[in-house]
Structures are given as structure tokens and as C-alpha cells.
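Please read it alongside the sequence and structure below.

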Amino acid sequence: MFKPFVFPRNYKPDTSGRRNVDRQPFVQGIVSGGGCSQCVICPVSSSMVAETLDKRNLNWFVRTNVANDLIIQVGDTSFHLHKLPMVMRSGYLNRLVFQTSICERETGLKIRIDNLPGGSKNFELVVKFCYGWKVDLTASNVAPLYCAAHFLEMCDDFEEGNLMSKTEAYLSFLIFSSWKDTFRILKSCESITSWAKDFKITKRSSEAIAWKACTNLKALSHEDDDMQCFNFLSNNVDSKVEVALDNWWFEDVSTLRVDHFIEVVQSLKCKGMRADLVGSCIAHWTVKWLSRITSGLESMTPKHMTSQYVRVTTECLIKVLPVEEKSVTCNFILHLLKIGFVTKVNSDLLSLLERRIAFMLDQCCPLDLLVRNYGDKDSVYDVNLAIRVVVAYVSIVSKSTTPKMFAVGRLVDGYLTLVAKDENLKMNTFQSLVEALPKEARFCDDNLYRAIDMYLKAHPRLTEEERMTLCRSLEYRRLSQEARDHVAKNDRLPVKITTRCILLEQVNMTRSMTAIGSNYRRTKTEAIVRVNKGLDKGRMNSQKELNLMTKELQTMRVQLHDLHMCKLKLQNQLKGCII
């Protein structure tokens with residue numbers, strides 16, 4: 001295993017004959033530096049040591065006792081070098097130099113490299129290494145330098161302890177030992193994506209992050225000496241390091257670019273991370289990067305995120321959502337669905353989200369369906385999104401009513417109550433959501449009536465016809481007695497609805513009174529029988545009881561006649577309204 005060589009704190013290299021410590025050609029040690037985030041590497045030996053490395057505009061000049069005989073142009077920058085130290089360590093440069101003619105080699109050779117990982121800044125470190133100078137490695141430059149070493153074929157076949165093996169050793173050390181530096185490595189890979197993927201740097205870093213997240217140790221999230229974390233993992237079981245909350249790693253992971261974040265999520269799944277934590281992590285990342293993209297890309301999208309980028313990002317997030325039940329919330333999927341509509345995500349993925357939410361509806365509460373709009377003229381909440389989900393639910397469930405459908409009915413009515421006060425909510429949208437569910441989904445219309453009444457109160461300018469249309473879903477028989485009493489006194493409802501309710505209420509009262517009269521007549525007969533049976537025993541004054549019952553019966557007949565006249569009067573009023 002790679003073990004870093006650490007120079008003592010009081011170590012000072014011999015600088016006799018040298019004007020600058022930075023130019024001292026170290027020839028001993030593999031890695032130096034006191035911490036995990038920085039080290040110094042140098043070749044074991046050097047065929048030519050540079051005295052100075054000067055920059056003039058876009059040109060770098062290496063000064064030695066020998067004249068420059070090689071020019072390497074990387075991008076817009078030219079490096080005036082020597083063939084010997086470069087070809088001794090680079091198979092790529094060795095091949096290019098010796099493929100040229102002898103004449104070109106003698107007069108001065110110029111090589112152009114346009115696709116070097118890390119560009120001219122990285123090649124500067126390569127030049128320093130080839131000329132025997134020390135090179136500072138950090139978490140931010142080790143990955144690009146490792147890829148550049150691969151590109152230039154600086155392997156140990158040319159010289160032991162070459163740049164490829166040294167950067168590989170330090171890269172592995174950081175990925176294995178340091179939590180924060182692993183994220184810095186992934187950040188540095190953003191400019192060399194294809195190279196980092198080919199050399200499995202992103203894969204190794206993602207797996208390391210997933211493994212450390214699964215250990216659930218707060219120590220790994222600290223900036224302390226990360227080797228202490230590993231001592232804790234292996235030997236120090238009784239350490240006093242506190243175990244953090246399950247989501248301690250969310251914030252760090254949310255800093256990753258989407259492609260690296262997706263790799264981390266896939267690694268978390270492979271490592272066995274709990275599905276609900278994976279889902280929460282995806283939601284945390286989405287809120288940080290895409291929280292404002294819900295109504296229009298022009299005003300809400302960050303400048304560096306194009307429409308295509310946002311669409312691809314959303315599609316990737318949908319594909320990596322954990323499939324386990326309760327791994328993601330309904331509200332998060334609804335927000336993701338809204339972003340998908342705005343960015344015109346693949347319709348199959350949107351249908352997948354709609355179906356997934358539909359299966360969760362019976363377990364949701366009204367607040368879960370709230371997704372805000374940000375347009376000035378739009379309603380506060382996106383009701384059309386809720387309509388799509390409810391329609392998807394109705395298309396999935398069977399036609400027969402079930403307790404789950406009743407739960408969805410209560411959910412929709414509760415949601416309607418929340419959005420009814422919105423002055424910008426159009427009546428057609430409100431009505432569409434009311435009628436999205438079949439009537440069988442509601443066993444009681446009290447909540448629906450409450451939502452409609454709130455909407456009418458918030459929209460007083462509706463015409464009588466619009467009010468009538470809005471109330472057509474209400475059914476008198478599914479209202480409680482309390483709701484019926486309220487309807488009879490509610491002047492916001494259409495006159496026809498109020499009149500019909502009063503009429504039906506009076507009819508019900510008539511039927512009830514008739515039934516009561518029938519019961520009284522039956523009671524009279526039974527009482528006579530009881531009296532006759534009790535005459536012999538002398539226990540009851542039959543004449544008194546008969547007189548009392550006769551009086552009560554006459555009273556009931558008068559009440560029934562008055563009720564009947566009231567009914568006729570209401571019917572005449574109803575005919576007048578219709579005419």
C-alpha cells in the first residue's frame with residue numbers, strides 16, 4: 001500500500017549553489033508534506049536540471065547550460081524546452097520526436113498538443129517534474145495531472161518513479177483517506193470529464209463517498225486530520241467521536257455537478273444506503289440547483305444552465321429515483337413533474353412520474369399537492385398539475401369504489417379548500433378538478449360544499465349561470481344536516497340551488513311527520529289493547545289516556561295540513577323562478 005514519506009518539520013534541503021529553494025532538485029522521497037491535502041513529488045533522478053523557468057507573455061523558457069532544441073505548444077502557450085529530459089520520461093513525446101526527420105531534429109523541433117488534459121497550466125507542472133523540480137500536488141490538481149501523465153505516457157517503463165505512478169499513489173491516498181478532498185478531486189474533474197471517466201477517477205471517488213456516507217460517521221465530515229477517521233474506523237471502536245444524523249453528508253454531496261452526483265447516487269444504491277435517504281438526498285440536490293425552475297426558464301434559470309442542460313438534468317434525476325415505497329415524497333415528485341413540464345422532458349418519463357404519484361395519493365395530505373407558480377398572472381398554486389395526477393389515478397384504479405378512492409376524494413376536496421381563496425384561480429380549472437373524480441369517490445359532499453362556498457366568496461363577480469355550473473356537482477342527499485341548514489341560508493349560492501334545498505328539506509320533514517303520525521295511530525291501538533287488558537286489574541285509567549291520545553292526534557293533523565300548504569306555496573315559488 002502507498003505510504004507517504006513525510007519530511008521532518010525541521011528538514012531543510014541543501015541549497016548551496018542555488019539561488020531559490022523552489023529550484024532545488026530533490027532526489028529522495030516519494031511524497032512530502034505534513035497534511036493529507038498537499039504533498040511534494042520529484043523524480044528520483046534527472047538528466048538535466050533547469051536553473052530557471054521564466055515566462056514571457058505566452059512563452060515559457062527553461063534555462064540551462066544547453067540551448068533549447070524543442071518547442072512544445074499547448075493551446076496558445078509555447079514551452080521552449082530540451083528533448084533529452086522530455087523524451088526520457090514521456091513515451092508520447094519520445095514517439096513524436098523520433099518520428100520526425102533528422103534535419104528537423106537538428107534544426108529545432110516544434111510539437112503542437114491541443115488536447116492535453118488540464119491544458120498549459122498542467123503542462124507547466126509536467127515540465128517542472130521532467131527537469132527535476134519539486135511539484136506541489138493538491139486535491140485540486142492531482143487528477144488533471146494524473147490524466148496528463150497518462151496522455152503523455154509517463155509510466156515507469158521509461159523511468160522508475162515516473163509521474164504516472166506518483167500521481168496515482170497520491171490520488172488513491174486522498175480518495176481513500178479524505179472526505180473533503182474527494183469532493184475537491186471531483187470538482188477538478190469537471191474540466192477533464194472524458195479523461196476522468198476513462199481512468200475511473202469519478203467512479204472511484206463516487207464509490208469512496210458512498211462508502212463513507214454509509215458508515216454514518218460524523219468524523220468523516222470534519223476538516224480534521226482525516227487519518228484520525230481511519231484509526232477510528234479500524235481500531236478505535238470506543239472513541240468518543242459522535243455519530244451524526246443520517247443526512248450529515250447531504251450538503252457536501254449537493255455541491256457536485258449533476259453527472260458526478262448521479263454517479264454518487266448509483267454508488268449509494270450499490271452500497272446499500274437506505275432508499276429514503278437516497279430519495280431525500282436527491283430532493284436536497286434538486287432544491288439547491290433547480291428550486292426556482294417552475295414557471296419559465298428565461299427568468300428562473302441560472303445563467304450557466306441552458307434549457308437543454310436543465311432538461312437533461314431533470315431526466316437524469318427521474319431515472320435515478322429509488323423505486324422503493326415511501327423513498328420519495330409526493331410533493332417532491334410533483335415539483336419534479338412541474339420542472340419536467342417546463343423543460344419539456346421526455347413524455348414517457350413524465351407519465352412514469354404521474355403514475356407513481358397516482359399510486360401514492362391515498363397516503364397523501366392536501367399540503368402535499370401544493371406546488372407554487374411564479375408567474376404574476378398565474379394562480380398561486382399549479383392546480384393543473386393536480387388535475388393531471390388525479391386523472392392518472394382515475395385511469396389506473398378500478399371503477400368500483402374502494403376505501404382508497406374515498407381517501408383520494410377527501411384529499412381532493414381538502415386541496416380544493418386550500419386553493420379556493422386564490423383570486424387568480426379560474427373557474428374552469430377549479431371545476432375541472434372537482435369533476436376529475438367520479439361522484440362515487442365521495443360518500444359525503446360537506447368538504448366539497450365548503451370548498452365551493454369559499455371559492456364563491458373569493459370570486460363575487462361570477463354570474464348566476466357560472467355559479468350554477470360550479471354547484472352542479474353537489475348532491476343534496478350527500479350533505480349532512482348541518483351543511484343542508486347552511487345551504488338554506490347561504491345567499492352566495494344560486495337561487496335555484498337554495499330553493500331546491502329548502503323544498504327537499506320540507507319534503508323530508510313531511511315524510512318524517514307522516515311517519516310520526518302513523519306511529520301515533522299504531523300507539524293508540526296498542527294502548528287500547530293494554531287498557532282493555534288492564535281493566536280487570538285496575539292499574540290504568542283508560543278514559544283519560546284515550547282522551548290524551550285523541551288530542552295529540554288532532555294536533556298532528558293540523559300540523560300536517562299546515563306543512564302541506566307550505567309545500568304547495570314553495571312549489572309555486574319554484575315555478576315562478578323557472579319561468
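## Cysteines

In this predicted model, Cys-155 has a relative accessibility of 18%. Cys-155 therefore counts as buried, because the cut-off for that class is under 20%. Cys-444 has a relative accessibility of 29%. That value lies between the limits of 20% and 50%, so Cys-444 counts as partly exposed.

How many disulfides does the structure hold? The number is zero.

## Confidence

The chain has a mean pLDDT of 79, and 74% of its residues are at 70 or more. Residues 1-36 have pLDDT below 50. Beyond near neighbours in sequence, this stretch makes 65 contacts in the model.

A further stretch, residues 520-525, also has pLDDT under 50. For residues 520-525 the model shows five contacts beyond four places in sequence. Where pLDDT is low, predicted coordinates should not be read in detail.

## Packing of H7 and H9

Two packed helices are described by the angle and the distance between their axes. Helix H7 spans residues 179-188 and helix H9 spans residues 201-215. Their axes lie 10 Å apart, at an angle of about 150°. Angles over 145 degrees count as roughly antiparallel, so H7 and H9 fall in that class. The crossing of H7 past H9 is left-handed.

Which residues make the contact between H7 and H9? From H7 they are Trp-179, Thr-182, Phe-183, Ile-185 and Leu-186. H9 contributes Ile-201, Thr-202, Ser-205, Ile-209, Lys-212 and Ala-213.

Note on methods
Residues are numbered from 1 along each chain as its sequence is written. This is a predicted model: local features need pLDDT of at least 70, side-chain atom pairs count only at pLDDT 80 or more; totals for chains, interfaces and linings use all residues. Side-chain values use heavy atoms; hydrogens and water are left out. A disulfide is a pair of cysteine sulfur atoms within 2.5 Å. Buried means under 20% relative accessible area, exposed over 50%, partly exposed in between (1.4 Å probe, protein chains only). pLDDT is the predictor's confidence in each residue, from 0 to 100. Contact means heavy atoms within 4.5 Å. Axes are lines fitted to C-alpha atoms, for helices over the stretch in contact, and angles run from 0 to 180 degrees between N-to-C directions. Helices (H or I, at least four residues) and strands (E, at least two) are DSSP runs, numbered from the N terminus. Angles under 35 degrees count as roughly parallel, over 145 as roughly antiparallel, 65 to 115 as roughly perpendicular and the rest as oblique. A crossing is left-handed if the near helix is turned anticlockwise from the far one by less than a right angle, and right-handed if clockwise.
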